[in-house]
Amino acid sequence: MSTNDPPGLTTRDRRRADSKWSVALLIGLNMTAPLAVDMFLPSMPNMAEEFEAPTATVQLAVTLFLMAFAASQLVYGPVSDRFGRRPALVAGLVLFIAGGVLSLLAWSAEALIVGRVIQGVGGGAGPAIGRAMVLDVFGRERAARIIAYLTIATPLAPTVAPIIGGVLQELFDWRAVFVKLIGIGVVLLVAYQLLLPETNLRRDRSALGAMQMGRNYGALLSNRTFLAYGLAMGLMFSGQLVFISGSSFVLIEELGLSAGQFGLGFGFVAVGIMSGAWLSSRLVARWVDSRVVLFGAVLSTSAAGLMAALAWGGVASAWAVLLPMFFFAGGNGIVRPPAMAGALIPFQRMAGLASAVLGFFQLVFASMYNIAFSQLVELDQVALASAIAAAAASNLVMLLLLRPPASAR
């Protein structure tokens, strides 16, 4: 056992927590949001038609899901630091399943949105507590490598989810998507009960106290590296979320793809994230974290700028969106592993809260950006590309201004 391993787990529990199956479960928990969002996308035009609802209203089923997902992490993180990972995660997965059931039975766009909000509240438990469990189980030395594995594997969800969603929409209808999501929630709940023990054996009895929480938040938000990497993840995901929530309308309704073709195109973009994460895992062995993050930001900004130039130049083609978006997503994949590891590892003592705040940063920035975009701008290819380019450029400027320390890890 490494001297940096967290103490307390028995040999049997450590073997269980350190198994390949447990790592696979941690990956699954981190996939709850992209599965719940991306499987839903090919059905959005049909939902708008069935409920006779405006496009912007149906888009709220994505945006409000993510806002609820983000806010709930601020609860799950400190609660799991205080009471343990198991009760918090079980409660979250039960809510995720319940929200899926309400969405399945929705009789209006408003009822669908309520179900999605409940699903988002439950879904926040998986990533917030899953990242904290990585630090519980693997200690400081191995956590960065496991986080890199999670970042490489997690984009499998947006790769396959829209394909599955497109097939379910074409074979059945949008309700089949929620049947699938409910089943995923049940599988994760059962697998967690069987595979992982309670991993938080150093519970902080003061974690929910006002004074201690104030000190913990102060430590996080006064740390330049944590702020820079949290903002980087938030701004990069802002561009990604604009594509997630708006691409089905642009690619299907404006550019003429079928639901199945859209699923394949969306999966192609998700492969870009995975490819970028794989490259990032190689680069972090040679470069300091800040250099890897800056490289990914430059790549994304260049790709998004090309997408905007093509759209403004009148190139009305699905490939004029998908190909640049592949490289934008690749830059996002490069940024995430070193940014996440650099932000979390220094705060192992309050892993749940640090993980929650990082997730909140990312999703709230992105959700606010997407709400402003969807409510203020008429959605088309030019608007979509311009919003993605603006988010990427803002991220690059922020990194150049804040310049997180080169030695941060």
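Colleague: At a relative accessibility of 27%, which class does F268 fall in?

Modeller: This is a predicted model: local features need pLDDT of at least 70, side-chain atom pairs count only at pLDDT 80 or more, and totals for chains, interfaces and linings use all residues. Numbering runs from 1 along each chain as its sequence is written, and side-chain values use heavy atoms, without hydrogens and water. Buried means under 20% relative accessible area and exposed over 50%, with partly exposed in between (1.4 Å probe, protein chains only). At 27%, F268 counts as partly exposed.

Colleague: What kind of aromatic pair do F268 and F326 form?

Modeller: The whole structure holds 10 aromatic pairs. Rings of Phe, Tyr and Trp (its six-membered ring) pair if their centres lie within 6.5 Å; planes under 30 degrees apart count as stacked, over 60 as edge-to-face and the rest as tilted. The centres of F268 and F326 are 4.8 Å apart and their planes are at 20°, so the pair is stacked.

Colleague: How many residues apart are F268 and F326?

Modeller: Helices are DSSP runs (H or I, at least four residues), numbered from the N terminus. F268 lies in helix α13 (residues 259-283) and F326 in helix α15 (residues 318-344), a separation of 58 residues.

Colleague: Which residue forms a salt bridge with R175?

Modeller: A salt bridge needs a side-chain nitrogen of Lys or Arg within 4 Å of a carboxyl oxygen of Asp or Glu. The search of the whole structure finds one. With the closest N and O atoms 3.2 Å apart, the partner of R175 is E50.

Methods
Helices (H or I, at least four residues) and strands (E, at least two) are DSSP runs, numbered from the N terminus.
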